[in-house]
Number of protein chains: 4
Amino acid sequence: MKINVAVIGASGYSGLDLVRLLSQHPQVKLTAVTSERYAQQPLDRLFPTLLPRLNILLEPLQPEKIVRKADFIFIALPHKEAMEVMPFFMQSKKRVVDLSADFRFKDRRLYEKWYQKHSAPELLASAVYGLPELNRAKIKAARLVANPGCYPTSALIPLLPLVQEGLIAPGGIIVDSKSGVSGAGRSANVTSLFCEVSESFKAYSVSNHRHQPEIEEQLSLAARKPLGITFVPHLVPMNRGILSTIYADLKKPLSLDAVRAVFKKYYGKEKFVRIFPEGMLPQTGWVRGSNYCDVGFVLAGKKKLIIISAIDNLVKGAAGQAIQNMNIMLGFKEDTALEQIPIYP
Amino acid sequence: MKINVAVIGASGYSGLDLVRLLSQHPQVKLTAVTSERYAQQPLDRLFPTLLPRLNILLEPLQPEKIVRKADFIFIALPHKEAMEVMPFFMQSKKRVVDLSADFRFKDRRLYEKWYQKHSAPELLASAVYGLPELNRAKIKAARLVANPGCYPTSALIPLLPLVQEGLIAPGGIIVDSKSGVSGAGRSANVTSLFCEVSESFKAYSVSNHRHQPEIEEQLSLAARKPLGITFVPHLVPMNRGILSTIYADLKKPLSLDAVRAVFKKYYGKEKFVRIFPEGMLPQTGWVRGSNYCDVGFVLAGKKKLIIISAIDNLVKGAAGQAIQNMNIMLGFKEDTALEQIPIYP
Amino acid sequence: MKINVAVIGASGYSGLDLVRLLSQHPQVKLTAVTSERYAQQPLDRLFPTLLPRLNILLEPLQPEKIVRKADFIFIALPHKEAMEVMPFFMQSKKRVVDLSADFRFKDRRLYEKWYQKHSAPELLASAVYGLPELNRAKIKAARLVANPGCYPTSALIPLLPLVQEGLIAPGGIIVDSKSGVSGAGRSANVTSLFCEVSESFKAYSVSNHRHQPEIEEQLSLAARKPLGITFVPHLVPMNRGILSTIYADLKKPLSLDAVRAVFKKYYGKEKFVRIFPEGMLPQTGWVRGSNYCDVGFVLAGKKKLIIISAIDNLVKGAAGQAIQNMNIMLGFKEDTALEQIPIYP
Amino acid sequence: MKINVAVIGASGYSGLDLVRLLSQHPQVKLTAVTSERYAQQPLDRLFPTLLPRLNILLEPLQPEKIVRKADFIFIALPHKEAMEVMPFFMQSKKRVVDLSADFRFKDRRLYEKWYQKHSAPELLASAVYGLPELNRAKIKAARLVANPGCYPTSALIPLLPLVQEGLIAPGGIIVDSKSGVSGAGRSANVTSLFCEVSESFKAYSVSNHRHQPEIEEQLSLAARKPLGITFVPHLVPMNRGILSTIYADLKKPLSLDAVRAVFKKYYGKEKFVRIFPEGMLPQTGWVRGSNYCDVGFVLAGKKKLIIISAIDNLVKGAAGQAIQNMNIMLGFKEDTALEQIPIYP
């Protein structure tokens, strides 16, 4: 018995990775995929990687049609567009994983400060922030899961346990993140052209990227008090991957073993978080195509902790984590369709 | 009931891709992996992509040990080294897929002209050239399968049917191939350094690459007469993938549909060969990480056929095809462990 | 005493490379740069590479203004747009190097078959095809020079001498070209996005690229009879560079030395054509940023000649050659502003 | 009248860039180039980019020969090898720019802690740290200039003015640097292979890179008290370029204009330091092939300053700065042979 699944917004890179992974999921039947720009085109003509397994047409988004065709819905639309269709899907008693930012914030004002006016604020309270390793029980019961941003996933997995245990001194967390270009999406922008990116490296949205308040809200919830960070994202000339270099001041000196013990407590049984042994640090190439979040760390002085985390931004940072959330919500084995070993090189 | 499998030469890129794919094979148990350089190291320390699934040490190659540990053997050694251990494995009644060039030639003199003296020529006659789509029955019965070279795979899949049907005029076949850098292996050579390859493009071994006689022997066998080609390989600044642009003169004018009919006759039921519809041509990115060989074609004038084929050189061009051969030899479902959809981007 | 120069269409990659090179030209003063999209922006804000040397605003193209400001004009507009402004520049007695395709063809019907109706056909007869090594005398006297396409430059420099000498058998020339992505320009197209190009390789416009008739017309003029070719361009994941692999059948067997003698006759004194010694073949990385066209060759059989040529598509394939043409037209030393040694890596 | 110049260690990437730039220097005659590995080979066969301008053979390093051939010497050897030949060059009254680390430290113990025992410590006192923008007067008079490391150049140019002015709070400086692969040199190491680097991103030598004490010693000298930093270098899949993201706590709140005023005071007349206007931040692609150090900055909170700097690691980070030092030492115009506009894309 398979569940009928729709992917809303299937023509972007997250949408494609959702389709790629879902079509290898034994308990899923993909019954609808939408795209305004490519409506009526066969999905496998737009993305020949899918040839010839998927015989399905892209359709324009008509929510009433979707709810007739599917019982579980992934939304991979840009923010704003997601919240416009969400109330209807909720009224239709569907369960949804939303990959946009629209339902990630508990604090509506925070969302409205960084994005725009929220058109469905009544859903914010019940939406669950979909970081399975930290929030599994709530996700299981949720009807609307807000899939975390890619940078936040890479930052929160290593930081949340340390913050929750009260080990980090206030005020000094720096998250210096580096992302592959697929994070910018599949839109035709000059800044994402090959020649603008290849053989170059840059920072962007320095200290004003929208993922900063997302990270801060989750850390503040864990700390049970306001906690700010400094966040600088960078663009790497590669397709996939995020590496975050995180600098944190410890409240009091800790040994590497003590830090490791904290990670082990939180992630010892987690399949998708790999805490690296001493002397090894993550590389994005080592998680490519997989749902892993790799974490390594080093002490620089008695109280300065440097953590390196790596994810595939399209998998653990988007489509893979979304499917992990679906698996939890539907009671499937959590790693179904997510068992791929990273592809290297 | 699983079969015990050894990978001889597991520290190169083909070896790694063998291990990656085999460790996702439900009927395989990996019992031995060898490497002289990294002997005694845990395999997943050398290749952290494998963390933490594979708890196995690399060992130096001792054939007597291997035959006690494994019933099926993949050899991913350089040529010359493979033929030195092969007789022992054969005497030990093991079945072997050899990824080196040592047993690919029927004509010993051809091998010795392009490589070196052959130390186990008595095995050449019974060795089977492991191109499953053309040679499936023989592979099923073989004890020693010689896995085709990466360039030959990309050239033979599109050319063999046309040659076998007698459609190609003699003398004019040109294979202009372009390969990603993993084809050069994981050895520390200056010419494979990032800075020597990135932002550059070159031809190499022009008209004297060892894969040329391999392609020619197979085409000649299909044509039942000597058939030579012009072959120029090139190096592309990317990790994986081979695209071959093949120019062939037709004996008499053929329509695109007539060419398509030939391909359909040979590959209509083949899972791993995708014949592209008119107007679409293969790209290496569309097969990345998969066992597909994509084929498209165009007519340039009435009798000039241009064929474009694309494979992932480490999968269909090496490890994937080797496992496909094993699946056939052992009666497993042919696509077991090879069902991955290409990863894009 | 400097000449006042305008660059029409300065916001693309060819325009930028024109500005880069011209601003290092001791006899040139850049007095006007145009761009519709970026009008009124300082050029060095659009391209910070130019900071702080160039204090000039982009302006919308108003031909009457341009002719007041400049005596020599480079046009780096898309085809069609160039021919619309050309009559006015000619009436204004300006000298022009046009980087578009609009005035490259002698045969108006050929142009109209592959592009569109020509709006200034009366200028075709006097326009000179700007390949300096073959056409220097005419360029010197020309008022309108049509700068060759990037692919044609890479194909014609090696082929023209052999065709002119009558050494090539009819019917069999194949030009298999590979270009970096800057050849596609700076327009925001999905197909030029980093993630669509990186880690992939493809052929495109197989046997129907507009540079094919351009090459054919020039070869036919040299051969004094119609001469067709097979032309397949490919896209390489790199910024700059074209490598063409050219297959030609010799009328009668020639030694490598005999071929070399022909090249020496034509290019022995040419500064920008480097004929490689035996055993060395060009790579695009070895011409990066320079105005060189490198040529190497190999015999594959007695009558099959394989030539490899390499250029930087933005320099010898566009801006550099345009400036070389200007230098000839104005009586400057031909390599002024073009003396850069290639940058490697 | 030209000066005779030798490049010791000409077969690496820094050596090649020295030769590339020097051969365009009107007051320099290159009279000797050395390489043990490629001795007796023509330099332009090893590096065909140099064809055909440089007709010079690589020779093994024999210091007595060098001092007869050259009056000015660049040493681009690995550390340890440089200090072994330096005393002889000094006794021979030659002037030297050394690109190795051997003479960068004032504090011999620091050198010996991070590198090895120093064999020519008597030269440390008179050696001048070759950062022209900060040390021009001393460089002018020096006989031995120690060319700064690539990372230190990118960190010190933005940091030294702020530290010298006493604006930075102690203890909190973080330098998160990202380098292209040419920084690892041209040695055949597995970790520098294309396939190990491409499509991946990693940190390395976290908090124990040898450039950290070099940065710290210079900052401490400027601060007139010990000043430590946290330093994490990363590897970017590109050939050239370093971008450093620097986090510093201000002693007291400063406006962007106040910070700009400090940079203007130090660099207002410097040709090679470009302080970016508000709203623009450096990218490595914008300095490619040039001797620029670009600097931009942002405030994140009242007292948190984020500085982004970018250099070409082989030019301003090595060969270009070395030639800038030579120009100063010999009284040439400081930007001779260094006037190139960056190549983009």
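These questions and answers go through a predicted model and ask what its labels rest on.

Q: Why is Lys178(B) called buried?
A: Buried means under 20% relative accessible area. Lys178(B) has 0%, so Lys178(B) is buried.

Q: Is Lys333(C) buried or exposed, and how do you know?
A: Exposed means over 50% relative accessible area. Lys333(C) has 54%, so Lys333(C) counts as exposed.

Q: Which residue does Lys333(C) meet in a salt bridge, and what makes it one?
A: The partner is Asp335(C), with 2.8 Å from N to O. The limit is 4 Å, so the pair qualifies. Asp335(C) has a relative accessible area of 5% and is therefore buried.

Q: What are the corresponding labels for Lys333(D) and Asp335(D), and why?
A: Lys333(D) is exposed because its relative accessible area is 54%. Asp335(D) is buried because its value is 7%. The side chains of Asp335(D) and Lys333(D) meet in a salt bridge at 2.8 Å, N to O.

Q: Why is Glu81(B) called partly exposed?
A: The label covers what lies between under 20% and over 50%. Glu81(B) has 39%, so the label is partly exposed. Glu81(B) is in helix H4 (residues 81-91) of chain B.

Q: How do you know that the size of chain A agrees with a compact globule?
A: For 345 residues, a compact globule would have a radius of gyration near 20 Å. Chain A has 20 Å, so the two agree. Along the principal axes, the C-alpha atoms of chain A fill a box of roughly 60 × 45 × 40 Å. Of the 345 residues in chain A, 70% are buried.

Q: How do you know that chain A touches chain D?
A: Contact means heavy atoms within 4.5 Å. By this test, 37 residues from chain A and 37 residues from chain D take part. The area buried between chain A and chain D is about 3,200 Å², and carbon and sulfur atoms give 59% of that area. Glu199(A), Phe201(A) and Tyr247(A) supply 20% of the area that chain A buries there, more than any other three residues.

Q: What makes Asp176(A) and Lys178(D) a salt bridge?
A: Their side chains come to 3.2 Å, N to O. The rule finds two salt bridges across the interface of chain A and chain D, along with 18 residue pairs in polar contact. On the side of chain A that touches chain D, the residues divide into 19 nonpolar, 10 polar and eight charged.

Q: Why does the pair Glu196(A) and Arg186(C) count as a salt bridge?
A: The closest N and O atoms are 3.2 Å apart. The cut-off is 4 Å, so the pair counts. Helix H8(A) gives the most to the side of chain A that touches chain C, with four residues. That contact joins 20 residues of chain A with 20 residues of chain C, and the buried area is about 1,700 Å².

Key. Residues numbered from 1 in each chain as written. Chains lettered and ligands numbered in written order. Predicted model: local features only at pLDDT ≥ 70, side-chain atom pairs only at ≥ 80, totals over all residues. Heavy atoms only, no water. Buried area = accessible area lost by both parts, 1.4 Å probe. Polar contact = N/O pair within 3.5 Å; in protein donor to acceptor, adjacent residues only side chain to side chain. Nonpolar A, V, L, I, M, F, W, Y, C, P; charged D, E, K, R; others polar. Rg over C-alpha atoms; globule rule 2.2 N^0.38 Å. Buried < 20%, exposed > 50% of the residue type's maximum accessible area, 1.4 Å probe, protein only. Helix = DSSP H or I, 4+ residues; strand = E, 2+ residues; numbered from the N terminus.
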